[in-house]
Amino acid sequence: MSARSLRYYEDEGLIVPGRFSNGYRDYCRSTIDRVLVIRSLLESGLPVRLIKEVLPHLTDGPDDVGTDVVCAEFLHEVRSYRDRLAARIADLSAQRAALDAYLREVRPTDA
């Protein structure tokens, strides 16, 4: 994990590291675990905006008031994002198939 990424997560409010007396950041085990969750969510393609929304619910207890409503709204947004992503994948797959067909016509021996 790069220092730049950690500073970005901090700037976005995704993590709040502790500080030593000399001002250096202190990444405790819970912050490190949170960074791993953030990375996983980013790698899955979720935008930071949605990660900010879900992250507190991944670490807060189940007794939080309103969690079910927030989670339902979040899941709706995630499904919507997934559906848009699936549509983009379908479009790209169709474009790739068209390019493959073109290449087969132009150079039948190159596959």
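**Figure 1. Arg 82 and Asp 83 pair through their side chains.** Asp 83 is partly exposed, with a relative accessibility of 43%. Partly exposed lies between buried (under 20% relative accessible area) and exposed (over 50%), using a 1.4 Å probe and protein chains only. Arg 82 is also partly exposed, at 49%. Their contact is a salt bridge of 3.2 Å, N to O. The term salt bridge requires a side-chain nitrogen of Lys or Arg within 4 Å of a carboxyl oxygen of Asp or Glu. The structure is a predicted model: local features need pLDDT of at least 70, side-chain atom pairs count only at pLDDT 80 or more, and totals for chains, interfaces and linings use all residues. Residues are numbered from 1 along each chain as its sequence is written, and side-chain values use heavy atoms, with hydrogens and water left out.

**Figure 2. A salt bridge joins Lys 52 to Glu 12.** The closest N and O atoms are 3.1 Å apart. This pair links distant parts of the chain, 40 residues apart. Lys 52 sits in helix α3, while Glu 12 lies in the loop between α1 and β1 (18-19). Helices (H or I, at least four residues) and strands (E, at least two) are DSSP runs, numbered from the N terminus. Lys 52 is partly exposed at 38% relative accessibility. Glu 12 is partly exposed too, at 26%.

**Figure 3. Glu 10, Arg 19 and Arg 25 form a salt-bridge network.** Within it, the side chains of Arg 19 and Glu 10 meet at 3.2 Å, N to O. Arg 19 has a relative accessible area of 45%, so it counts as partly exposed. The structure holds 7 salt bridges.

**Figure 4. The largest nonpolar core has 15 residues.** Such a core is a set of buried Ala, Val, Leu, Ile, Met, Phe, Trp, Tyr and Cys residues joined through side-chain atoms within 4.5 Å. Tyr 9, Leu 14, Ile 15, Ile 38 and Leu 46 touch the most other members. Elements giving two or more residues are α1 (3-11), α2 (29-43), α3 (48-59) and α4 (67-106). The largest share, 5 residues, comes from α3.

**Figure 5. Which residues is Tyr 9 in contact with, leaving aside its neighbours within four places in sequence?** They are Met 1, Leu 14, Ile 15, Val 35, Ile 38, Arg 39 and Leu 42. Contact means heavy atoms within 4.5 Å.

**Figure 6. Thr 31 is buried in the model.** Its relative accessible area is 7%. Thr 31 belongs to helix α2. Beyond neighbours within four places in sequence, Thr 31 is in contact with Ile 15 and Val 16.

**Figure 7. Tyr 102, Leu 103 and Val 106 make a nonpolar surface patch.** Together they have about 310 Å² of accessible area. Areas come from the Shrake-Rupley method with a 1.4 Å probe; for residues, only the protein chains shown count as cover. Patch residues have over 30% relative accessible area and no salt bridge; like charges are joined within 9 Å, nonpolar side chains (Val, Leu, Ile, Met, Phe, Trp, Tyr) within 5 Å. Leu 103 is in helix α4. At 48% relative accessibility, Leu 103 is partly exposed.
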